[in-house]
Amino acid sequence: MLLMTQYAVDARSILPVGDISEIIPDEEADIAVLEEPEHLTWFHHGKRWKTKFRLVIGVIHTNYVGYVKRERNGRFQFHAVLLKYVNTWVVSIYCHKVIRLSAATQDYPRSIICNVHGVNPKFLKTGKKKFEQQHSSGNQAFTKGAYYIGKMVWSKGYGELLELLREHQNELAGLEVDLYGNGEDSDQVKEAAKKLKLTVRVHPGCDHADPLFHDYKVFLNPSTTDVVCTTTAEALAMGKFVVCANHPSNDFFKQFPNCRMYNDGNGFVEATLKALKEEPTPLTDAQRHELSWEAATERFLSVSELNQVCAKEVDKNSSGRFASISSNLLKNVEDTSAYIHHVALGFETTRRAFGAIPDSLNVDEEQCKELGLATPVEGESVKITD
């Protein structure tokens, strides 16, 4: 479906424009899954998601509070505290159930931790081919050493990786590392890499599925800002070793034998050197399945309890009149809170004060023309359909 968005420079983020709940006709609204619900509802001004849908499931992808805390400006530390409460507020009033991909996100009421993401099948196919190549010909399946791929900004692990390499240059003598990525910190990363005694080559970004990555044996990923790192899952699916920090964001990967975790710099050195000397253990069919989208979907269906929605609705209709006073009180408080959010985000001044993109309350005429949509009549919003 088509979603109107704008890029917020200050927040370095893409935010929705207008009331995105209008995308779904009321008669078709049943169950909604909001990917990054806090992101979608910070500035939401429209029909309440919980009212429009019988069940709203929020999937938390990003540790926004963690990103803000990494800013060194003291003003941002206050913003981090404020953002934590705002996130909790909007997610609680708009979602019935919350799934956190890992414990690396902030905690939320009514939340459960479960990685409901998988990898593209082409990475699993690459891993299978490597396994067949290794066992059919007896040749080395992996002829290259270590690499890292990711958006080239310091917060995406480049700072941690280059620091580890700098501090342990002697122990890692002879190590060669290739870095792939594009981003606003590319020039600084290149300069930092040049100062090392080790050979660290910096390349432009490239699709991780590109054949040039197939022969690398070790994926180095010290990043702790991702909630669940997609490239780590992809590297494991391709049959590589992964060297990563012992951190909540990597808990899901502990089940795979080729995942080598470390707790400190010495552990990083040990894990890296050992991985370069050994050969990866081929994934079993069960382990490959765990990385797939099929398994991720199974996990999602299990934790979201979609099969119980109808049963709960019947139970609710039969026993609602006997609901406890405390339950009604909580609902009234939540309804009032949602109303306050709705009213506050209906004014441009208030929206700007909270950090919304200027004039993002409704889709404007220029945006409609760009997407070939009907120009809105004054006082009416635009219905965006697929």
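Val177 has Val200 in β9 as its bridge partner. The chain crosses from β8 through helix α7 (residues 186-194) to β9, and this β-α-β crossover is right-handed, meaning that, with the strands pointing away from the viewer, the path from the first strand over the helix to the second runs clockwise.

This is a predicted model, in which local features need pLDDT of at least 70, side-chain atom pairs count only at pLDDT 80 or more, and totals for chains, interfaces and linings use all residues. Residues are numbered from 1 along each chain as its sequence is written, and side-chain values use heavy atoms, without hydrogens and water.

Helices (H or I, at least four residues) and strands (E, at least two) are DSSP runs numbered from the N terminus. Two strands pair if DSSP finds at least two bridges between them. The open sheet has 6 strands in the order β9-β8-β7-β10-β11-β12, with parallel pairing. β9 and β12 (259-262) stand at the edges with a single partner strand each, so one side of each is left without a neighbour in the sheet.

| Pair | Sense | Bridges |
|---|---|---|
| β8 (residues 176-180) and β9 (residues 199-203) | parallel | 5 bridges |
| β10 and β11 | parallel | 4 bridges |
| β11 (residues 241-245) and β12 | parallel | 4 bridges |

In strand β11, 5 of its 5 residues are buried (under 20% relative accessible area, 1.4 Å probe, protein chains only). Phe241, Val243 and Ala245 point one way from β11, while Val242 and Cys244 point the other way. Phe219 stands opposite Val242, Val243 has Arg260 in β12 as its bridge partner, and Cys244 stands opposite Met261 in β12.

Notes
Buried < 20%, exposed > 50% of the residue type's maximum accessible area, 1.4 Å probe, protein only.
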